Amino acid sequence: MWQFVDIIEFAGTFAFAISGIRLAAAKQFDWFGALVIGLVTAVGGGTIRDLMLNVTPFWMMNISYLACTSLALLVVVVYRQILVRHNYTFFTFDTIGLALFTVVGVEKTLGAGFPYWVALTMGTITGSAGGMIRDTLINEIPLVFRKELYAIACLLGGLVYWLSDLAKMPQEVSQISAAVTVIVVRLLAVKYHISLPKLNGVDKIEEE
Amino acid sequence: MWQFVDIIEFAGTFAFAISGIRLAAAKQFDWFGALVIGLVTAVGGGTIRDLMLNVTPFWMMNISYLACTSLALLVVVVYRQILVRHNYTFFTFDTIGLALFTVVGVEKTLGAGFPYWVALTMGTITGSAGGMIRDTLINEIPLVFRKELYAIACLLGGLVYWLSDLAKMPQEVSQISAAVTVIVVRLLAVKYHISLPKLNGVDKIEEE
Amino acid sequence: MWQFVDIIEFAGTFAFAISGIRLAAAKQFDWFGALVIGLVTAVGGGTIRDLMLNVTPFWMMNISYLACTSLALLVVVVYRQILVRHNYTFFTFDTIGLALFTVVGVEKTLGAGFPYWVALTMGTITGSAGGMIRDTLINEIPLVFRKELYAIACLLGGLVYWLSDLAKMPQEVSQISAAVTVIVVRLLAVKYHISLPKLNGVDKIEEE
């Protein structure tokens, strides 16, 4: 009796875990460290969302998220030489994960009775906070702060969900149109190197 | 029907958001990254406090905190050349924010039924944890660990609140005397370069 | 009326606080910064566990954890020259703390009604997440991702607890055998430089 939301949460978990494990491998982490980074990338955003919604973190209710991350580690260990040559595949995974996590985050927040502006925020957190924790743990400045419209794609996807819901569309239409929005925005941003403007011109500030 | 606590939380949010956005700008973040850093600086300490008190994070109940951070971003984008020449103004903002957040943290913790020593800790967390998360995300060692009496000012302010309460003062007196204590301690510490002693002499330690 | 669990939580707190304060000292933090790092190292893992279990963080219910960390700071300040020459002593402390925290984490999670695989995860988080936060705050890549079987020792200890419980052993036997497992695994790993394999061979990855 899997629901659509379960399936997309699982697929997104695998994609995000792979992205974390590959970065951990590049930093010479051992298997366990890679597993932790994969797990944090995959479930970190949803865990922060669930703590803020005051519900038990989703991955503690169903062993499939831990199992999925372990499977991702196995895939990286066994197929690592192949994986190096498939950056594009992983970019695709990562983008689909982003779309799916955003939709899950929006729906779970609405389901908890919060208004839409909280749901948009939580959709964005679900999609991008895992990557932020991942980058902080591997001692890098989070890519999401400088990368092509990563979190903005979540935000726009959430907006489309909202508009679709306002227009009384069935839930499946809202879900799919939101996910497609995230994917299209992210693909176009990467293809055409679209970024938000940087906040330069104030870089001579020193702390008092 | 705004309460005094609402007003000071709002003013503190603006001051802290500006401080985060300016540091993000110095690191060449894009607008969205700067917004996130501003938001984390402004609401991070209070969010950790609320999660520990097991209540819904304050900024999820009232859109004004997100709006206030967005306004702070707009101000930095529009007036950035001017801002560079007003470090002192921002130091003032930051100090007032610190004082106000400390008072809010102490009061909310007491209101949740915890003893004073927890309230002091939560006041300090409310005032300084947002800056700690901000510095971690921009990949710097948190300033609060080396800066002139930053968190100590929160702690002393909380102590004054406690003493004032023990002396049966009206709540407004406790609030104002605590806030003034934070501001005065911080101003004196910066003016006279007062710091806590460093823990040197053990710097040849290596991890096993 | 202290329970066994209280005593081991207290001893572990002291050991972990010392480990955090020594690293903070090596980074030239001031006393307050060292206290915060000590506290985060000591109570960080248990706090994350308690937030996920949706209970009030343990250190907010009993002032002894803050008192214990303050005592650890005092010990480092007063005896720092001596401490430098006793790395082995602190390694012992750290290992005992790891064992004790793992057992506490497993038991508290089972007590909250979660299945064993969640308890194993929480035991590992209780033992190792404080050190991860510590290392992130001092701007280092967490040692746990590259160190000799640190978190794996927690995991194996939790497994032994589980097996002992399955075999209907009394609770004390499960506790002690789990703790001994953590300590023995960690000692052997350090003595014989046993590590998990690294995930190399994929280090030429660049982010899209």
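How many residues does the contact take from chain A and from chain C? The contact takes 41 residues from chain A and 35 residues from chain C, where contact means heavy atoms within 4.5 Å. The model is a predicted one, in which local features need pLDDT of at least 70 and side-chain atom pairs count only at pLDDT 80 or more, while totals for chains, interfaces and linings use all residues. Residues are numbered from 1 along each chain as its sequence is written, chains are lettered from A and ligands numbered from 1 in the order in which they are written, and side-chain values use heavy atoms, with hydrogens and water left out.

Chain A holds seven helices and zero strands, both taken as DSSP runs numbered from the N terminus (helices, H or I, at least four residues; strands, E, at least two). The order of its elements from the N terminus is α-α-α-α-α-α-α. Among the 208 residues of chain A, 58% are buried, a class set at under 20% relative accessible area, with exposed at over 50% and partly exposed in between (1.4 Å probe, protein chains only). Of the contacts in chain A with a separation of 6 or more, 73% come from residues 24 or more positions apart.

The size of an interface is often given as the accessible area lost when the parts come together. Between chain A and chain C the buried area is about 3500 Å², and carbon and sulfur atoms give 68% of this area; buried area is the accessible area (1.4 Å probe) that two parts lose on being put together, summed over both. Two residue pairs of chain A and chain C are in polar contact (both at pLDDT 80 or more). A polar contact is a pair of N or O atoms within 3.5 Å; within protein, one must be able to donate a hydrogen and the other to accept it, and residues adjacent in sequence count only if both atoms are side-chain atoms. On the side of chain A that touches chain C, two or more residues come from each of α1 (4-26), α2 (31-52), α3 (64-84), α4 (87-111) and α5 of chain A. The most is given by α2(A), with eight residues. This side of chain A has 25 nonpolar, ten polar and six charged residues; Ala, Val, Leu, Ile, Met, Phe, Trp, Tyr, Cys and Pro count as nonpolar, Asp, Glu, Lys and Arg as charged, and the others, Gly among them, as polar.

For chain B and chain C, 34 residues of chain B are in contact with 42 residues of chain C. The two chains bury about 3500 Å² between them, 68% of it on carbon and sulfur atoms. Zero salt bridges and two residue pairs in polar contact (both at pLDDT 80 or more) are counted between chain B and chain C. The side of chain B that touches chain C draws at least two residues from each of α2 (31-52), α5 (116-137) and α6 (150-166) of chain B, with α5(B) giving the most, seven residues. By class, this side of chain B divides into 19 nonpolar, seven polar and eight charged residues.

Nine aromatic pairs are counted over all chains. Rings of Phe, Tyr and Trp (its six-membered ring) pair if their centres lie within 6.5 Å; planes under 30 degrees apart count as stacked, over 60 as edge-to-face and the rest as tilted. A:Y116 and A:W162 form a stacked pair, because their ring centres are 5.0 Å apart and their planes are at 5°. The pair links distant parts of the chain, with A:Y116 in helix α5 (residues 116-137) and A:W162 in helix α6 (residues 150-166) of chain A, 46 residues apart. A:Y116 is buried at a relative accessible area of 13%, whereas A:W162 is partly exposed at 28%. In chain B, the rings of B:F58 and B:Y65 have centres 4.8 Å apart and planes at 90°, so this pair is edge-to-face. B:F58 is buried, at 8% relative accessible area, and B:Y65 is buried, at 5%.

Note on methods:
Salt bridge = Lys/Arg side-chain N within 4 Å of Asp/Glu carboxyl O.
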